[in-house]
Amino acid sequence: MVTCINDALFPDTGRAVVTLLRRLGVEVDFPEAQTCCGQPMVNTGYLDEAVPPLRSFVKAFDGYDAIVTPSGSCAGSARHQHGIVAQRHFQRSGDPALVAAVERTAPRTYELSEFLVDVLEVTDVGAYFPHRVTYHPTCHSLRMLGVGDRPVRLLQAVRGLDLVELPRAEECCGFGGTFAVKNADTSVAMVSDKARHVRETGAEVLVAGDNSCLMNIGGALTRQRAGVRVMHLAEILASTEQRTAAS
Amino acid sequence: MTATFVGMPRFPVAAKAALADTQLRRNLAHATATIRDKRARVVAEVDNWEELRLAGAAIKDAALFSLDTQLVLLEERLTAAGATVRWARDAAEACAIVAEVAQAHDIDEVVKVKSMVTLEIGLNEALEAEGIAAWETDLAELIVQLGDDLPSHILVPAIHRNRAEIREIFQRRMTGAEGITDEPAALAGAARTHLREKFLNARMAVSGANFAVAETGTLVVVESEGNGRMCLTLPEVLVSVVGIEKVVPTWEDLDVFLRLLPRSATGERMNPYTSTWTGVTPRDGPQEVVVVLLDNGRTRALADQVGRQALRCIRCSACLNSCPVYERVGGHAYGSVYPGPIGAILNPLLKGVGTDPQVDSLPYASSLCGACFEVCPVRIDIPSVLVDLRAQVVDAHRARRWGGIPSTQTVAMKGAAVTFGSGRRLGLAERFARLGTGVASRFGASGWTSARDLPRAPRESFRAWWRRTDGGRS
């Protein structure tokens, strides 16, 4: 699952996942029926509107061994919210098909770092990234999925990478989907503090497992001309000495 | 207290004003960080904290599912111990009962133990209307009362005030406090002198209760300053207003909460004062004890399958102190005596959604980061309840076609549902409308771009790249 945000705005992350997983010997497919996991609708309260994307989701992914996504938030949506949407649809329409499909797809959905560490059982993915990096653990990967230190272990194994600790790392960046718009002033106050903490580290690159959070923090950093760029974890893990030299 | 929360604006509007108050931001950031760190330290000392949390949640759930029998048992035991039990459906009934008891004894002045439920029902204002003065005796609650202010935190109602502001309030409102400094000891000393006279003169006290033990009919108040102990023991008459969700079946159950609460609330291993009383003790303490069991929306919350877990709440405030939204906007923006993450669910659950735009704005006052759930001692899954309440808000407006929700949002969501209904349609949307800018406009670019740049849309979507290159193979 590339996710709708990555598909439309951050295709490099999707391509990095493909490169990385193939390098590790995984057969990768991108079922083109996929759209969005439905999280924006669910988290805004529009549960009925989440049914069409959920249908697309199960149509696209039912039958695969593993559904891997470079987003803690979308993985959380598939694992924890799809059941709620499907149950409600069943109660209202009497159609149990969606519930059954979700029971198959939800447990097979993995956030990228979970898939690498738990399923492929690898922490050194052969990456090379000679930069000073700080890591922001996104809320849903941290607290909804419980990925723990998996991303940090993956980063620590990257050759050349200097990982520095982010102050108050576990505090939300203020994105929160439609929260960033419905409560824009509060969201801005939160992301301003997050950007300040990132700058304090002296890192060149801020890395995270979710491009929506990075879009938020990165948007604040570029507005402040902070000189810190944001990168998805997948892009760092995909980069090797050959690929870095070529780019 | 003359201020009330009536007629407050929707959360985003109130938050905008609060965010501009730099003194408030500083006071809150300092205070919440201090309590947060203290809590984290003392919680880490307990090896079986997670088991305690599970036990706390299970005990409360069991009590709530047998509330009918637990409450009747509580009433029986209280009555047998010489207390009078009164039932109140709502705030007005509860306030009327308290006023009636005072008037029956010809009392025009009462002292109060810090109590959320009496703030919830607006008791001070109701008593004032009957010519009865109600004096808050908790230091922070006193600061709020003397400042004609509103509480902004469940446990530390004056958290938005620093000591310079408190000194100014005391100088203005307390006799003999003109020359005090802003040293905490001096401020506490002035309050002590001020309150001592109230304690000694008061013939009636009003309290809430942290817990009500059904098996013996015992009420429990947990506090730090000793003002509660004074109120609960000195006057002749004691009226306690108790939300019906406060019942715990046994003393063994109470044990779990007395371990969970202080560490979660003030970051202390144990609170300084725990008072328990069972009806009337002849010739010792209040000789008339009245207990008002209050519903005021609790049965409505209990009927909510997802939201009923909010009734487990023991009012520790750990969720407020850990919330990045609360830390920045403070408590007043929530428009209720219950602010923060718990307030964002409790208010809609107690009052119902779909009628008051202020209440309907509360479930959205969260980024769903989950920090509140992580620290909650009774494991209330606040993010899940928030999401469920958002659906209730949307459904209520769907049914009523009433304009509290911006129609642009509904249009955007319905449009997205169609677009996301098939991969082919999404691909078309990406190609023809450059979804990047489409997404941006749906997000409402002005709120976003006030302090953040938008990402530049790529030349090619992932989907288009996959097609063009045969999945990167060509």
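**Exercise 1. Describe the contact of chain B and chain A in residues, area and composition.**

*Solution.* 
Step 1. Begin with the residues in contact: chain B contributes 66 residues and chain A contributes 66 residues. The model is a predicted one, and the values that follow are computed from it.

Step 2. Turn to the area. The size of an interface is often expressed as the accessible area lost when the parts come together. Between chain B and chain A about 5700 Å² is buried, with 59% of it on carbon and sulfur atoms.

Step 3. Identify the residues of chain B that lose the most area to chain A. These are B:F420, B:R452 and B:F462, which together account for 13% of what the chain B side buries.

Step 4. Examine the polar part of the interface. Between chain B and chain A, 32 residue pairs are in polar contact, both residues being at pLDDT 80 or more. Helix α20 of chain B, residues 407-419, gives the most to the side of chain B that touches chain A, namely seven residues. By class, that side of chain B holds 31 nonpolar, 17 polar and 18 charged residues.

**Exercise 2. Determine how many salt bridges cross the interface of chain B and chain A, and examine one example within chain A.**

*Solution.* 
Step 1. The cut-off applied is a Lys or Arg side-chain nitrogen within 4 Å of a carboxyl oxygen of Asp or Glu.

Step 2. B:D453 forms a salt bridge with A:R223, and their closest N and O atoms are 2.8 Å apart.

Step 3. Take a pair within chain A. A:R88 is bridged to A:D48, with the closest N and O atoms 3.0 Å apart. A:R88 belongs to helix α5 (residues 72-93) of chain A, while A:D48 sits in the loop between α3 (39-44) and α4 (51-61) of chain A, so the pair ties together parts that are 40 residues apart in sequence.

**Exercise 3. Characterise the contact between domain 1 and domain 2 of chain A.**

*Solution.* 
Step 1. Domain 1 of chain A brings 28 residues to the contact, and domain 2 of chain A brings 23 residues.

Step 2. About 2100 Å² is buried between domain 1 and domain 2 of chain A, and carbon and sulfur atoms give 64% of it. On the domain 1 side, A:R23, A:S113 and A:V117 lose the most area to domain 2 of chain A, together 19% of what that side buries.

Step 3. One salt bridge is counted between domain 1 and domain 2 of chain A. A:R150 forms a salt bridge with A:D118, the closest N and O atoms being 2.9 Å apart. Residue pairs in polar contact between the two domains of chain A number 13, with both residues at pLDDT 80 or more.

Step 4. Locate the helices. On the side of domain 1 of chain A that touches domain 2 of chain A, α2 (11-23), α3, α5 and α7 (112-119) of chain A each supply at least two residues. Helix α2(A) gives the most to that side, with seven residues. By class, the side comprises ten nonpolar, twelve polar and six charged residues.

**Exercise 4. Trace strand pairing in chain A and the sheet order in chain B.**

*Solution.* 
Step 1. In chain A, strand β3 (residues 132-135) pairs in the parallel sense with strand β4 (residues 162-164) over three bridges. The bridge partner of A:R132 in β4(A) is A:D162.

Step 2. Three bridges also join β3(A) to strand β5 (residues 205-208) of chain A, and the two run parallel. Here A:T134 stands opposite A:L206 in β5(A).

Step 3. In chain B, four strands form an open sheet in the order β8-β5-β6-β9, with mixed pairing. β8 (247-248) and β9 (273-277) of chain B stand at the edges with a single partner strand each, so one side of each is left without a neighbour in the sheet.

Step 4. Strand β6 (residues 218-223) of chain B pairs with β9(B) in the antiparallel sense over five bridges. In β9(B), B:T274 is the bridge partner of B:V222.

How values were computed. Residues numbered from 1 in each chain as written. Chains lettered and ligands numbered in written order. Predicted model: local features only at pLDDT ≥ 70, side-chain atom pairs only at ≥ 80, totals over all residues. Heavy atoms only, no water. Contact = heavy atoms within 4.5 Å. Buried area = accessible area lost by both parts, 1.4 Å probe. Polar contact = N/O pair within 3.5 Å; in protein donor to acceptor, adjacent residues only side chain to side chain. Nonpolar A, V, L, I, M, F, W, Y, C, P; charged D, E, K, R; others polar. Pairing = 2+ DSSP bridges.
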